[in-house]
Amino acid sequence: MTGRIELPQGTLDLLILRTLLPGAQHGWAISERVQQVSSEVLSIQQGSLYPALHRLERRGWIKARWGTSDNNRRAKYYELTRTGEKQLERETEAWRKLTVAVAQILEGA
Amino acid sequence: MLDDLRYRIRALFHHTAVETELDEELRFHFDKQVEKYMRSGMTDEEAKRRTRIDFGGHEQVKEDCREARGTAFIELTLQDAKYALRQLFANKTFSLVMILTLALSIGANSAIFSVINGVLLKRLPYSQPDRLVRIFLSSREYPKFPLNPWDFLDFRARNHSFSSIAAFTRGDVQLSGDGEPVRLNAFGITSGYFRVLGLQPQIGREFDFQAEIPGNGLQVILSDRLWRTRFGADPNIIGRKVTMNMQPFTVIGVMPAGTEHPGNEYHSVAYGESVDVWWPFSFAGNPNQRGSHFIEGIGRLKDGVSQERARAEMNAIMTQIAREHGSNDSGWTVLVVPLYTELVGTSRQLLLVLLGSVGIVLLIACANAANLLMVRASARQREIAVRLAMGAQRSRVVRQLLTESLLLSLTGGALGLALAYGGVRALVALLPAGFPRAHDIHVSGPVLAFTLLVSFITGILFGLAPALQASRTDPKEGLQKSGRTSTAGRNQGRLRNALVIAEVSLASVLLIGAGLMLRTFLNLIHLNPGFQQDHLLTASLSLPHAQYKTDEQTAQFYDRLTSSLNALPGVESAGAGSDLPWTGYDENAGGFTIEGKKPPPHQEFHARYHMATAGYFSAMGIPLLEGRFFTQADKKDAPMAVIINHVMAERYWPHEDVIGKRITFADVPKKDSDWMTVVGVVGDVKDQPNSPGAEPAFWWSELQVSERDMSIAIRTRSDPRQVADGLREAVHRLDPALAVADMKLMDSVVDTSVSTPRFAFVLVGLFAALAILLAAIGAYGVIAYTVSQRSSEFGLRIALGAQRTDLLRMVMAQSAKLAVPGIIFGVLLALSLSRVTQNLIYGVSAADPAILFSVVLLVLSVALVASYVPARRASRSDPMVTLRAE
């Protein structure tokens, strides 16, 4: 567990949307991918992943369909919708601004 | 937005599918994770354990997902309701008792609210009804008095406060033509009467000013009902002539259905669509003689003009009028009363008291329900402890328990609504005669909303305290103790006792109220009315002006009629009078002169005037105190005779022998025939049974001062109903075109006059009975519970040598400890509320010691009876059982 940090509030949605940009994924793969790409720094607890997926689905940013996983089991795959893509752009932009601003303050002060 | 809705709907209606999918999804994740750990070298078991730890609470995740779906609220409620239903079915007796008591008390509230909604809350059926006012005069002696027609004309011409103003007076007419002649409820109205009310004829028009000129009055406006029933809804009725009072009246308009009478004072007709026809009031006679007051005013205030400003202006006009007629002060002030107040004013207080009473019943039912729920919550402590231990949040437990109490109260409310539906019919049937707007009372939309709201509030009210209390259960303690002996704690015990004390005090308040109503009712029935009500048949006649033009013709008719009535078999005496007791008759003659006396400044001599035939007093059973009754000799050319009542004798001739004293109505009496001589003094009869006292009154002999509209009184030896046909035939023989109206037994008139106090007594009594029953159940519940809690203690006491009667006394003393403070609070509360009941009681003080004493005794005995069963159970405790258990 060393080296891992807690996800800041509100970034979970952004991470999920970004992870789905290349293509549809099931829940487990999403959490694995976040962990891998962040070099094991970020991890998403199942307890927050699935409620988040259901919330994003309700908002219409992602949609779910059942597919077959690599070992031939039924799994639920999530993919970005068009509004989801737009939302991702917006949130990415906002995140960039935020990090730049925070960095400026931290360095400039 | 649409996606969101579609998603939520799917989540809600395909609930099971969604839940299965979630399960499958989570299992897939679990398995993948286990697979991953195993790949990193863990054993199967170890991998599963790790995964489980990672996962956290499986149920929690699912709950959060439900939350995220946005349907959690409804799903939880449904789930809670299902669980609550199962709980309620598992405790059938408990649920039944709760639902029935709630249904009774909520139903009673809904029924009373239906009356309040119909009578007090529903808008009056006129446009902008809040601009409508009634106009009366008022003096020191007569708080509410009708207007004089000439004064009214001046008001109408000079005021700037009203957009329109009108006057009306009751004057029934006889409709003849096809079939039996009938007497119609009729009013004489000035031009603009309907404009004031904001109503328009459905065909034709209303009277113009021309119609008010004497000689132009043979016009009539029909009610929708009469137009349909008597004239077949003839669309060409306008211009047709109909025969009323033997004269041809031209129909000029027909009012639409729903034309409601705004109420009147003298010979009042029922509120609602009670008027059959309207005829034009005509201003005849000498405008300088303004002594007779008999028309009632109604007006529509201009926008922005307040009632006070209108009253100030009217009073200024009144002063002007007085000055123009050579006096500085007429002694009258003008009253401007909102129509709403005038219509429902008197019933308002009664209804609010009734609402308060049912409200108290509901509060008691709530306290009871809360108590029962608390007992049950302690029995369910184990179950709740288990749920808390399993990780349920306290708010979830509160919510669960509240759902149960809401389910109870809403079921009770639904059942109560059914009860109210039946109850309202019974209420309307029981309503006092002439109760305003009785036809507007229904179980309607607002009543449904009220019931729902009350049920909801009730559920929260009685559910909240027990639910909060239960959620505070310590899981560890709750699990360790067995359900039976777990003590609910001192706080809970104190709360339960307080609730019972509150119940007892509220029930005592209602019992005291019921006692006051009962005494009022009894006082009024046992009141000496001043006449004899039994064996007395009454009716009224009105002779048409066209046929009976002269006083002689009128006097002759009533003379002949009374002699033929006196000759009927079974008749003891018969007579005719201008009015009957207790009809609200208030015609006054003012300004007469008493020989040798002067009225105090600004106060004229005033008295009610009446006419009577020779047999009237003996037929009515009004006693002669001094002098004589009228005889056939008191006729046209004989000296004028008057009979006065006791109050008039006392007021104007105190300590004097009044027989032979004289009064006159002439301004300057010249000859002896201008004077009227007092020939007799009769007993007093009040205007209304509950009037504080009788008014001064005198009677003229019908042979000397004749009146066309008279009431008939017939005293019989046996059942007075048997002479009804005889009366009709006697009238018919004299004039076949006359209708005999308002045939009534005086017994039933007297009965009607006490219908309001009877209504109040029956309802408050019913609610008080319900209240004390509920309070008894409440006290029983608490005592029985403590007895069951202390059964081992009782067993021990007996084992140690206590007598069984000691235990009996001990438990019953506990009940008395609850009852006594309850009674004390109740009595204090009742005394502080005495102002509320002041106007509803008669002849009894709100602090009547006999009533207070009886209530104290009654409540104490009920409390002791309620505790007797549990006390006996306590005294029969078996020491062996206790000892074995310990």
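This note goes through selected features of a predicted model in numbered points.

1. Conventions. Because the model is predicted, local features need pLDDT of at least 70 and side-chain atom pairs count only at pLDDT 80 or more, while totals for chains, interfaces and linings use all residues. Residues are numbered from 1 along each chain as its sequence is written, chains are lettered from A and ligands numbered from 1 in the order in which they are written, and side-chain values use heavy atoms, leaving out hydrogens and water.

2. Helices (H or I, at least four residues) and strands (E, at least two) are DSSP runs, numbered from the N terminus.

3. Sheet of chain A. Three strands of chain A make an open, antiparallel sheet in the order β1-β3-β2. Two strands count as paired if DSSP finds at least two bridges between them. The edges are β1 (25-26) and β2 (62-68) of chain A, each of which pairs on one side only. Seven antiparallel bridges join β2(A) to strand β3 (residues 74-80) of chain A. R65(A) stands opposite Y77(A) of β3(A).

4. Chain B against that sheet. Helix α2 (residues 15-39) of chain B lies across β1, β2 and β3 of chain A and runs at about 100 degrees to β3(A). Axes are lines fitted to C-alpha atoms, for helices over the stretch in contact (heavy atoms within 4.5 Å), and angles run from 0 to 180 degrees between N-to-C directions.

5. Charges over rings. A charge sits over a ring if NZ of Lys or CZ of Arg is within 6 Å of the ring centre and within 35 degrees of the ring normal. In chain A, the charged end of R74(A) is over the ring of W66(A), 4.2 Å from its centre. In chain B, K144(B) lies over the face of F136(B), at 5.1 Å from the ring centre.

6. Aromatic pairs. Rings of Phe, Tyr and Trp (its six-membered ring) pair if their centres lie within 6.5 Å; planes under 30 degrees apart are stacked, over 60 edge-to-face, and the rest tilted. This rule gives 28 aromatic pairs over all chains. F168(B) and F187(B) have ring centres 6.0 Å apart and planes at 55 degrees, so this pair is tilted. The pair links distant parts of the chain, 19 residues apart: F168(B) is in strand β2 (residues 162-170) of chain B and F187(B) in strand β5 (residues 186-189) of chain B. Both residues are buried, where buried means under 20% relative accessible area, exposed over 50% and partly exposed in between (1.4 Å probe, protein chains only). Y193(B) and F194(B) form an edge-to-face pair, with 5.1 Å between centres and 75 degrees between planes; Y193(B) and F194(B) are also buried.

7. One cluster consists of F592(B), F605(B), Y609(B), Y652(B), F665(B), F698(B) and W700(B). K597(B), in the loop between β16 (593-594) and β17 (606-612) of chain B, touches F605(B), Y652(B), W653(B) and E656(B), not counting residues up to four places away in sequence. K597(B) and W653(B) are 56 residues apart in sequence and 9.3 Å apart in space, C-alpha to C-alpha. K597(B) has 26% relative accessibility and so counts as partly exposed.

8. The UniProt record, an unreviewed entry, marks several "transmembrane region" spans in chain B, including residues 96-121, 350-373 and 807-831. In the model, residues 350-373 of chain B are 100% helix and 0% strand, with end C-alpha atoms 35 Å apart. Residues 807-831 of chain B are likewise 100% helix and 0% strand, with end C-alpha atoms 36 Å apart.

9. S105(B) lies in helix α6 (residues 92-121) of chain B and, at 1% relative accessibility, counts as buried. Leaving aside neighbours within four places in sequence, S105(B) contacts V361(B), L362(B) and A365(B). S114(B), also in helix α6 of chain B, is buried at 0% relative accessible area.

10. Positive phi. Q128(B), which is not a glycine, has a positive phi of about 40 degrees; Q128(B) is in the loop between α6 and β1 (132-138) of chain B.

Technical notes:
UniProt positions renumbered as here; feature names shortened; annotations may be inferred.
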